[in-house]
Amino acid sequence: MICRAGLMFLVCFMMFAIDWSEAQSKTCVFRNKGKKFDIQEGEVTSIKKDKVKVCENGKLVQKDKSEVPTPYKIGCNGCMWYGRVICEGNVIKDLHSWWFLSKCAGGKMSAYGRSWLEVSGDKRFQKS
């Protein structure tokens, strides 16, 4: 009885290990702002004029836009900002609108205002 239970355990463990290794090979590692993210198969990490960088078979490869189906699924639950992927929760300081900060949340970029203390302390601020 002990041998049968041990054999069943070994078979189940091997099946789990095979499934786990197949699942691991389908992800890519994407680095954004010094952090590593696991990107799933088919997720996009960069969009250029005519090329898209997409996770395929565990590697990030560049493809023509026509080869990747739209709408693009953005990796790390992020947002697109001037052709770059910004991961969920990252804050962007846009130099053209320095009194606002842009934050990626829920797959969309949203602006939120800085406090008066931050704006008045900024060297670009000029009192009238």
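Cys55 counts as buried, at 2% relative accessibility; buried means under 20% relative accessible area, exposed over 50%, and partly exposed in between (1.4 Å probe, protein chains only). This is a predicted model, where local features need pLDDT of at least 70, side-chain atom pairs count only at pLDDT 80 or more, and totals for chains, interfaces and linings use all residues. Residues are numbered from 1 along each chain as its sequence is written, and side-chain values use heavy atoms, with hydrogens and water left out. The count of disulfides comes to three, a disulfide being a pair of cysteine sulfur atoms within 2.5 Å. With bonded cysteines counted along the chain, the pattern is 1-2, 3-5, 4-6.

**Cys28 and Cys55**

- Cys55 forms a disulfide with Cys28, and their sulfur atoms are 2.0 Å apart.
- The torsion about this S-S bond is about 85°, so the disulfide of Cys28 and Cys55 is right-handed.
- Cys28 lies in strand 1 (residues 28-32) and Cys55 in strand 4 (residues 51-56), so the pair ties together parts that are 27 residues apart in sequence.
- Strands here are DSSP runs (E, at least two residues), as helices are (H or I, at least four), numbered from the N terminus.
- Cys28 is buried too, at 2% relative accessibility.

**Cys76 and Cys87**

- A disulfide joins Cys76 to Cys87, with 2.0 Å from S to S.
- The link of Cys76 and Cys87 is left-handed, with -95° about the S-S bond.
- The two cysteines are eleven residues apart and link distant parts of the chain.
- Cys76 sits in the loop between strand 5 (59-64) and strand 6 (79-81), and Cys87 in the loop between strand 7 (84-86) and strand 8 (91-92).
- Cys76 is buried, with a relative accessible area of 14%.
- Cys87 is buried, with a relative accessible area of 0%.

**Cys79 and Cys104**

- Cys79 and Cys104 form a disulfide, with sulfur atoms 2.1 Å apart.
- The S-S torsion of Cys79 and Cys104 is about 85°, so this disulfide is right-handed.
- Cys79 is in strand 6 and Cys104 in strand 9 (residues 100-105), and the pair links distant parts of the chain, 25 residues apart.
- Cys79 is buried, with a relative accessible area of 2%.
- Cys104 is buried, with a relative accessible area of 0%.

**Glu43**

- Glu43 lies in the loop between strand 2 (35-39) and strand 3 (44-47).
- Glu43 is buried, with a relative accessible area of 8%.
- A polar atom of the Glu43 side chain lies 3.0 Å from the backbone nitrogen of Gln40.
- The side chains of Glu43 and Lys73 make a polar contact (3.4 Å).
- A polar contact is a pair of N or O atoms within 3.5 Å; within protein, one must be able to donate a hydrogen and the other to accept it, and residues adjacent in sequence count only if both atoms are side-chain atoms.
- Leaving out residues up to four places away in sequence, Glu43 touches Lys53, Val54, Cys55, Lys73, Ile74, Gly75 and Cys76; contact means heavy atoms within 4.5 Å.
- Among these neighbours are two disulfide cysteines: Cys55 and Cys76.

**Gly113**

- Gly113 lies in strand 10 (residues 108-113).
- Gly113 is partly exposed, with a relative accessible area of 46%.
- Gly113 touches Trp99 and Phe100, not counting residues up to four places away in sequence.
- The C-alpha atoms of Gly113 and Ser102 are separated by 8.8 Å, and the two residues are eleven apart along the chain.
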